[in-house]
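Please read them with the structure open.

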Amino acid sequence: GRPEIYVRGGFNRWRHQQRLPATKMQPSMPGGVGFLKATIDVPDDAHVLDVVFADSESAQSFHDDNGGLDYHIPIEGGRGTMPGLKVKHVAVEMAPIAKVGGMGDVVTALARAVQEEGHSVEVVVPKYDV
């Protein structure tokens, strides 16, 4: 492993104005064996912590950003809310508009289920001449 590990990041999928500067992680157990920890001040309106790990305070250091996806940790008790996704389905069938087999039923059910989770859904189907 690396002799020193730093964590830096932001909040709310990097949309929050407050940033977490590079913070050195400390051993969580006596003797320095095992896991590391860092104490972070979390803003009241944050709902997710976005972090990247590095081996120094420098932005040019070796870093672990989960393959460019970063690490996102939910904040328990945060007041903020995660904005919904905008989902677009492209299908050849959609019940009851254009339905031949079971695919139309699946497209409709999936769109409804995703909407119930708070996301915006659009379904695009070809315009068929009847």
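1. A search of the whole structure finds 1 aromatic pair. Rings of Phe, Tyr and Trp (its six-membered ring) count as a pair if their centres lie within 6.5 Å, with planes under 30 degrees apart called stacked, over 60 edge-to-face and the rest tilted. Phe53 and Tyr71 form this edge-to-face pair, at 5.5 Å centre to centre and 65° between the planes. Phe53 lies in strand β5 (residues 48–54) and Tyr71 in strand β7 (residues 71–74), so the pair ties together parts 18 residues apart in sequence. Strands are DSSP runs (E, at least two residues), numbered from the N terminus.

2. The model is predicted: local features need pLDDT of at least 70 and side-chain atom pairs pLDDT 80 or more, while totals for chains, interfaces and linings use all residues. Residues are numbered from 1 along each chain as its sequence is written, and side-chain values use heavy atoms, leaving out hydrogens and water.

3. Phe53 is partly exposed at 26% relative accessible area, and Tyr71 is partly exposed at 28%. Buried means under 20%, exposed over 50%, and partly exposed in between (1.4 Å probe, protein chains only).

4. Glu57 sits in the loop between β5 and β6 (63–64) and counts as exposed, at 55% relative accessibility. Beyond its neighbours within four places in sequence, Glu57 is in contact (heavy atoms within 4.5 Å) with Tyr6, Arg8 and Ala22.

5. Leaving aside neighbours within four places in sequence, the contacts of Val7 include Met25, Val51 and Phe53.

Conventions
Helices (H or I, at least four residues) and strands (E, at least two) are DSSP runs, numbered from the N terminus.
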